[in-house]
Amino acid sequence: MNANALADQYFAMWNAADADRRAELIAANWTADATFQDPSFETTGPDELNKLVGAAQQMFPGLSFVRIGGIDEHHGYLRWTWHLQADGQEPVAGGTD
């Protein structure tokens, strides 16, 4: 899978409102022992990740994560910039992962 396809799947997982659909995306793109870490959260495994995404969606109802710009790729790592926003609205948050 190329970097763009992987990023697209990552954002699709974060934006999937249905827990079963998120579980499918996680199963297709994450290993069973994968971890997710950021300054506020840390999870291990697909069930914890699915719950984390669902909780984030409850914290930010009506908003979606959108990748902004290209992807930097080197030494097996990817980096991209994102916004959190409602369709057609200015972003309320953003960052780089």
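Colleague: Quick one on His75: buried or exposed?

Modeller: His75 is exposed, because its relative accessible area is 75%. For that scale, buried means under 20% relative accessible area, exposed means over 50%, and partly exposed is in between, using a 1.4 Å probe and protein chains only. Keep in mind that this is a predicted model, in which local features need pLDDT of at least 70, side-chain atom pairs count only at pLDDT 80 or more, and totals for chains, interfaces and linings use all residues. Residues are numbered from 1 along each chain as its sequence is written, and side-chain values use heavy atoms, leaving out hydrogens and water.

Colleague: Where is His75 found?

Modeller: Look in the loop between strand S3 (64-74) and strand S4 (77-85). Strands are DSSP runs of E with at least two residues, helices are runs of H or I with at least four, and both are numbered from the N terminus.

Colleague: And what phi does His75 have?

Modeller: A positive one of about 50°, although His75 is not a glycine.

Colleague: Switching topic, how many salt bridges are there?

Modeller: The count is three, where a salt bridge is a side-chain nitrogen of Lys or Arg within 4 Å of a carboxyl oxygen of Asp or Glu.

Colleague: Which residue does Asp8 pair with?

Modeller: Asp8 bridges to Arg67, with the closest N and O atoms 3.7 Å apart. Asp8 sits in helix H1 and Arg67 in strand S3, so the pair ties together parts that are 59 residues apart in sequence. Asp8 is partly exposed at 45% relative accessibility, and Arg67 is partly exposed at 23%.

Colleague: What about Arg21 and Glu24, how are they placed in helix H2?

Modeller: They are three residues apart in H2 (residues 19-29), so about one helical turn separates them. Arg21 is partly exposed at 41%, and Glu24 is partly exposed at 48%.

Colleague: And which side chain meets Asp72 in a salt bridge?

Modeller: That of Arg79, at 2.7 Å from N to O. Asp72 has a relative accessible area of 37%, so it is partly exposed, and Arg79 is partly exposed too, at 46%.

Colleague: OK, helices now. How do H1 and H3 pack?

Modeller: Helix H1 (residues 3-15) meets H3 at an angle of about 65°, and their axes are 8 Å apart. The axes are lines fitted to C-alpha atoms, for helices over the stretch in contact, and angles run from 0 to 180 degrees between N-to-C directions.

Colleague: Which residues make that contact?

Modeller: From H1 there are Met13, Trp14 and Asn15, and from H3 there are Leu49, Leu52, Val53, Ala56 and Gln57. Contact here means heavy atoms within 4.5 Å. The set divides into six nonpolar, two polar and no charged residues.

Colleague: What does Trp30 touch?

Modeller: Not counting residues up to four places away in sequence, Trp30 touches Tyr10, Met13, Leu25, Thr35, Phe36 and Leu49. Trp30 is in the loop between H2 and S1. Its C-alpha is 9.6 Å from that of Tyr10, 20 residues away along the chain.

Colleague: And Thr43, buried or exposed?

Modeller: Thr43 is buried, because its relative accessible area is 6%. It belongs to strand S2. Leaving aside neighbours within four places in sequence, its contacts are Ala34, Thr35, Phe36, Glu48, Leu49 and Leu52.

Note on methods. Nonpolar A, V, L, I, M, F, W, Y, C, P; charged D, E, K, R; others polar.
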